[in-house]
Amino acid sequence: MTDDRGGTPGSQAQERIVPMRLQKFLARAGVASRRGSEDLMTAGRVTVNGEVVTELGAKVDPLVDVVAVDGATVSLASGPVYFALNKPTGVMTTMSDPQGRPTVASLMPPGYPGLFPVGRLDFDTEGLLLLTTDGDLAQKLLHPRHHVPKTYYVEVDGVPTEEDLSRLREGVELDDGKTAPAEARLLKRQGRGAAIELTIREGRKRQVKRMASAVRHPVMFLRRTKFGNVELGDLRPGEVRELTSEEVEGLRAGA
Ligand code: URA
């Protein structure tokens with residue numbers, strides 16, 4: 001086969017098994033952007049079945065051909081992919097923004113069409129954001145019925161009393177109804193404020209900020225540290241890692 005038919009949007013399995021341009025293959029495998037992959041090819045760093053290929057029109061069959069960059073074999077992910085990103089503040093939780101603001105897409109490795117964020121964090125919120133090409137799992141994780149716990153490190157103005165924390169735990173009245181039971185604990189006092197840890201099992205818009213404001217301790221800084229069984233750990237803002245298979249299994253079991 002010599003043509004370059006892609007699958008219909010969303011049919012990645014189909015797209016993956018037809019011959020495709022070498023630069024597209026390299027980009028999808030996460031080696032570099034399409035343009036960067038062309039540069040690798042013209043520099044003579046890419047081989048197909050052991051032969052250097054510099055011609056930009058060359059096609060490969062991902063199921064048959066062995067592609068290597070600098071001697072290292074490159075392959076396409078064979079199934080859905082799962083990433084954890086530490087979303088920095090000042091970045092939109094979308095894959096594109098009509099107003100040209102920075103988005104999480106620019107922080108992700110290239111070559112994964114169909115990748116999208118699982119839920120969202122506010123523009124000014126930092127922390128753990130999962131991104132995947134697995135629409136089924138994402139839908140389950142976001143469904144209110146599944147009550148997936150999400151934990152936040154929250155810096156607030158003023159020091160919440162034990163009574164404030166109890167109210168957060170039992171549920172506070174917001175304009176879209178009372179919040180479900182949550183976990184809340186004081187971590188430390190700092191300056192004229194405090195840091196608390198809050199775990200919620202809902203996913204309403206700006207929920208943590210609204211809950212904190214409801215007990216008169218507005219949020220000054222917010223970071224998500226855990227989503228289901230997945231922890232942010234020491235991932236720094238802007239850093240990405242793939243989830244382990246245990247983490248993916250844990251998410252499936254909890255969803
Ligand atoms: N709650 C908020 O208020 N903001 C977020 O980004 C996430 C949870």
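View 1. R206 places a polar backbone atom 3.3 Å from an oxygen atom of the ligand. For K209, a polar backbone atom is 3.0 Å from a ligand oxygen atom. On its own the ligand has 240 Å² of accessible area, and the protein covers 96% of this. Such areas come from the Shrake-Rupley method with a 1.4 Å probe; for residues, only the protein chains shown count as cover.

**View 2. Residues around the ligand.** The ligand is surrounded by L121, D122, T125, Y152, R206, Q207, V208, K209 and L222. Each has a heavy atom within 4 Å of the ligand.

**View 3. Strand β9 is enclosed.** Of the 7 residues of β9, 7 are buried, so the strand is largely enclosed by the rest of the structure. Buried means under 20% relative accessible area, exposed means over 50%, and partly exposed is in between (1.4 Å probe, protein chains only). Helices (H or I, at least four residues) and strands (E, at least two) are DSSP runs, numbered from the N terminus.

**View 4. The partners of β9.** Two strands pair if DSSP finds at least two bridges between them. β7 and β9 pair in the antiparallel sense over 6 bridges. Here N86 stands opposite L128. β8 (residues 116-117) also pairs with β9 in the antiparallel sense, over 2 bridges, and F116 faces T132 across that pairing. β15 pairs with β9 in the parallel sense, over 2 bridges. In β15, R223 is the bridge partner of E126.

**View 5. The two faces of helix α7.** In α7 (residues 245-254), E247, V248 and L251 are buried. Seen down the helix axis, the buried residues fall within an arc of 100°, so they line one face of α7. The arc is that of the directions from the helix axis to the C-beta atoms. An α-helix has 3.6 residues a turn, so residues three or four places apart point the same way. The face turned away from the buried side carries the exposed residues S245, E246 and A253. What covers the buried residues includes β7 (82-87), β9 (126-132), α4 (135-142) and β15 (219-227).

**View 6. E247 in its surroundings.** Is E247 buried or exposed? E247 is buried, with a relative accessible area of 13%. Leaving out residues up to four places away in sequence, E247 touches N229, V230 and R241. Contact means heavy atoms within 4.5 Å.

**View 7. An open sheet of 4 strands.** The order is β3-β2-β5-β6, with antiparallel pairing. β3 (51-52) and β6 (72-74) stand at the edges, each with a single partner strand, so one side of each is left without a neighbour in the sheet. β5 (residues 67-69) is joined to β6 by 3 bridges. A68 stands opposite T73 in β6.

**Notes on all views.** Residues are numbered from 1 along each chain as its sequence is written, and side-chain values use heavy atoms, with hydrogens and water left out. In this predicted model, local features need pLDDT of at least 70 and side-chain atom pairs count only at pLDDT 80 or more, while totals for chains, interfaces and linings use all residues.

Definitions and conventions:
A polar contact is a pair of N or O atoms within 3.5 Å; within protein, one must be able to donate a hydrogen and the other to accept it, and residues adjacent in sequence count only if both atoms are side-chain atoms.
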